[in-house]
Amino acid sequence: MPERTLNFGLYGARGQKSAQLAADVLDRLALEGGIRSPVTTRRGLNARLNYLTNSPAGYQAMRDAGISVTRGTLRRWLQHKQTPSPDNLARVDAAYRAYRRRNVARHLLQRLNARGGTRVEIQPLDQSAVADPRRRVITTDVAGFRRLRIRNWDRIVDAWAAGDDEALADAWDDQLTDLGSQWGQYEYATSVGFSA
């Protein structure tokens with residue numbers, strides 16, 4: 001049961017919250033058609049700044065990420081006359097990711113909900129370092145590997161787009177209940193995979 005994972009890793013189990021692994025997959029899907037150059041390159045920085053300064057919502061994403069520079073400084077960044085500090089580079093990248101996430105959420109949601117939902121594959125937590133008496137018994141077919149179909153992604157994608165980790169975990173855990181009485185074994189996992 002999930003209540004038993006409050007001290008996850010106490011006995012040597014390894015893995016991550018499966019909701020966070022799902023968010024990582026959504027991030028990869030959202031950034032698929034986006035900017036590939038790193039923010040530390042001139043091309044990558046310029047592309048991110050052009051994307052962010054193209055609308056008021058982009059400027060708001062920069063403010064939300066903690067970028068509080070003057071218009072002149074921003075203009076010098078765009079003209080390559082001044083290079084942002086490493087902290088500001090990280091903030092520009094975070095602003096780009098958050099803004100891109102919001103922009104592609106609706107399209108991604110349509111793809112995930114299409115054709116009756118999307119199949120998700122989950123590998124359970126790694127218990128190889130856990131002593132036998134404390135090891136959780138996984139009673140499924142191939143070493144605990146499970147598949148489920150999520151038919152409605154609305155709450156998951158909305159929480160992910162808003163960057164609300166707690167709401168994402170709640171929405172994800174609600175979908176895991178389709179695994180039956182063993183759903184708590186997949187609150188933490190080694191990998192989550194799906195495509196859209």
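1. In this note, contact means heavy atoms within 4.5 Å. The model under review is predicted. With that cut-off in mind, helix α4 (residues 71-78) may be taken first: the buried residues of α4 are Gly 72, Thr 73, Leu 74 and Trp 77. The cover over these buried residues includes α2, α3 and α5. Just after α4, His 80 adopts a positive phi of about 60°.

2. The overall composition is as follows. The protein chain contains 7 helices and 4 strands, and from the N terminus on the elements run β-α-α-α-α-α-β-β-α-α-β. Of the 196 residues in the protein chain, 42% are buried. Among contacts with a separation of 6 or more, 75% are between residues 24 or more positions apart.

3. Which residues have the most contacts inside the largest nonpolar core? They are Val 120, Ile 122, Trp 153, Trp 160, Trp 172 and Phe 194, and this core has 34 residues. At least two core residues come from each of α1 (18-31), α5 (86-113), β2 (118-124), β3 (146-150), α6 (154-162), α7 (165-176) and β4 (188-193). Helix α1 gives the most, with 8 residues. In soluble globular proteins, nonpolar side chains tend to be buried together.

4. Trp 160 deserves a separate entry. Leaving aside residues up to four places away in sequence, Trp 160 touches Ala 23, Leu 26, Asp 27, Ala 30, Arg 101, Val 104, Ala 105, Leu 108 and Leu 168. A second, separate core has 14 residues, including Ile 67, Trp 77, Val 92 and Tyr 96. Trp 77 is also one of the buried residues of α4.

5. The axes of α1 and α5 come within 9 Å and cross at roughly 95°. Angles of 65 to 115 degrees count as roughly perpendicular, so α1 is roughly perpendicular to α5. On the α1 side the contact involves Leu 26, Asp 27, Leu 29, Ala 30 and Leu 31; on the α5 side it involves Tyr 96, Arg 97, Arg 100, Arg 101, Val 104, Leu 108, Arg 111 and Leu 112. By class, this contact has 8 nonpolar, no polar and 5 charged residues.

6. Helix α5 also meets α3 (residues 56-64), and the axes of this pair come within 8 Å and cross at roughly 135°. The two helices are therefore oblique to each other, and α3 passes α5 in a right-handed crossing. Ala 57, Gly 58, Ala 61 and Met 62 in α3 meet Ala 95, Tyr 99 and Arg 102 in α5. The residues of this contact divide into 5 nonpolar, 1 polar and 1 charged.

7. Not counting residues up to four places away in sequence, Arg 48 touches Ile 35, Ser 37, Pro 38, Val 39, Val 92, Asp 93 and Tyr 96.

Notes:
Residues are numbered from 1 along each chain as its sequence is written. This is a predicted model: local features need pLDDT of at least 70, side-chain atom pairs count only at pLDDT 80 or more; totals for chains, interfaces and linings use all residues. Side-chain values use heavy atoms; hydrogens and water are left out. A nonpolar core is a set of buried Ala, Val, Leu, Ile, Met, Phe, Trp, Tyr and Cys residues joined through side-chain atoms within 4.5 Å. Buried means under 20% relative accessible area, exposed over 50%, partly exposed in between (1.4 Å probe, protein chains only). Axes are lines fitted to C-alpha atoms, for helices over the stretch in contact, and angles run from 0 to 180 degrees between N-to-C directions. Angles under 35 degrees count as roughly parallel, over 145 as roughly antiparallel, 65 to 115 as roughly perpendicular and the rest as oblique. A crossing is left-handed if the near helix is turned anticlockwise from the far one by less than a right angle, and right-handed if clockwise. Ala, Val, Leu, Ile, Met, Phe, Trp, Tyr, Cys and Pro count as nonpolar, Asp, Glu, Lys and Arg as charged, and the others, Gly among them, as polar.
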